[in-house]
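Hi,

Here is the structure I promised to pass on. Have a look at it first, and then read my notes below.

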Amino acid sequence: MSKDNKDFFKKKNEWSEIKDRLLGCYLTPYFQKVLLTRKPIFYVDCFAGKGKFEDGKDGSPLIALRIREECLSRTSRQDKIGAVKTCFIDMNYGNELSSNIASISPSYDVPEVIPGKYEDNILKCLQNKQGYNVFLYIDPYGIKALDLSTFEAIKTLGFNTFEMLINFNSF
């Protein structure tokens, strides 16, 4: 039986604050370093949620977009359009996510929102990204959706670099 998550986005919990600080601390130097490769970056938040909590605090999608905007504004790279593409997958909150990320007017690329399950969409999402630097943020509600054979398939897609930040919050 799956856990009832209907109240998950009411108030951001302390452990969620810590996870998002870790993401922020990781993404800033990652974007700064990988932008130097002059290859495009494709950032995917695989379990994006609503993007914002009802208490007004940002979730991982808004954190990633703010960091992307900041890093792109500071880089000397001339081809900023297309330099960092973002994609957000969520099974339950696609409309709310789209509305919440619209609050950040992107200077460079409009984020893509894919409603649906991670396991049904991730390979299609990555299919035409050969030569890209790919970063997956994987923070599921549980680990049932993480079929390790998907990771095996992903590694064959021919990326310039591939990085994952995975949070296993499970008992």
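Before the strands, a quick word on terms: two strands count as paired if DSSP finds at least two bridges between them. Helices (H or I, at least four residues) and strands (E, at least two) are DSSP runs, numbered from the N terminus. By that rule, strand β4 (residues 133–138) and β5 pair in the parallel sense over six bridges.

Some housekeeping: this is a predicted model, so local features need pLDDT of at least 70 and side-chain atom pairs count only at pLDDT 80 or more, while totals for chains, interfaces and linings use all residues. Residues are numbered from 1 along each chain as its sequence is written, and side-chain values use heavy atoms, with hydrogens and water left out.

**The sheet**

The open sheet has five strands, in the order β3-β2-β1-β4-β5, with parallel pairing. β3 (112–115) and β5 (161–166) are at the edges with a single partner strand each, so one side of each has no neighbour in the sheet. From one strand to the next, the twist averages 15°. (Angles run from 0 to 180 degrees between N-to-C directions, and axes are lines fitted to C-alpha atoms, for helices over the stretch in contact.)

On the β5 side, F135 has E163 as its bridge partner, and L136 stands opposite M164. β4 also runs parallel to β1, joined by five bridges, and there D45 stands opposite Y137.

How many of the residues of β4 are buried? Six of its six are, where buried means under 20% relative accessible area, exposed means over 50%, and partly exposed is in between (1.4 Å probe, protein chains only). Both faces are covered: N133, F135 and Y137 are buried on one side, and V134, L136 and I138 on the other.

**Helices on the sheet**

Helix α2 (residues 60–74) lies across β1 (41–45), β2 (84–90) and β4, and runs at about 180° to β2. Helix α4 (residues 118–126) packs on the sheet too, touching β1, β2, β3 and β4, with its direction at about 175° to that of β1. Contact here means heavy atoms within 4.5 Å.

**The cores**

In soluble globular proteins, nonpolar side chains tend to be buried together. I looked for nonpolar cores, meaning sets of buried Ala, Val, Leu, Ile, Met, Phe, Trp, Tyr and Cys residues joined through side-chain atoms within 4.5 Å. The largest has 25 residues, and L27, F31 and Y43 touch the most other members. Two or more residues come from each of α1 (14–35), β1, α2, β2, α3 (94–101) and β4, with α2 giving the largest share, seven residues. Apart from neighbours within four places in sequence, L27 is in contact with Y43, A64, I67 and F135. There is also a second, separate core of 20 residues, which includes F47, I114, L136 and F159.

I41, in strand β1, is worth a click. I41 is buried at 0% relative accessible area. Beyond its neighbours within four places in sequence, its contacts include Y30, F31, V34, A83, V84 and N133.

**Rings**

Rings of Phe, Tyr and Trp (its six-membered ring) pair if their centres lie within 6.5 Å; planes under 30 degrees apart are stacked, over 60 edge-to-face, and the rest tilted. That gives nine aromatic pairs. F47 and Y118 make a tilted one, 5.0 Å centre to centre with 35° between the planes. This pair links distant parts of the chain, 71 residues apart: F47 is in the loop between β1 and α2, and Y118 is in helix α4. Both are buried, F47 at 14% and Y118 at 2%.

F159 and F162 are stacked, at 5.6 Å centre to centre and 20° between the planes. F159 is buried at 16%, whereas F162 is partly exposed at 32%. Ring pairs also link Y26, Y30, F31, Y43, F88 and F135 into a cluster.

**Cysteines**

How many disulfides are there? Zero, in a search of the whole structure, taking a disulfide as a pair of cysteine sulfur atoms within 2.5 Å. For C125, the nearest cysteine sulfur is that of C87, 3.4 Å away. C125 is buried, with 9% relative accessible area, and C71 is buried at 3%.

Cheers
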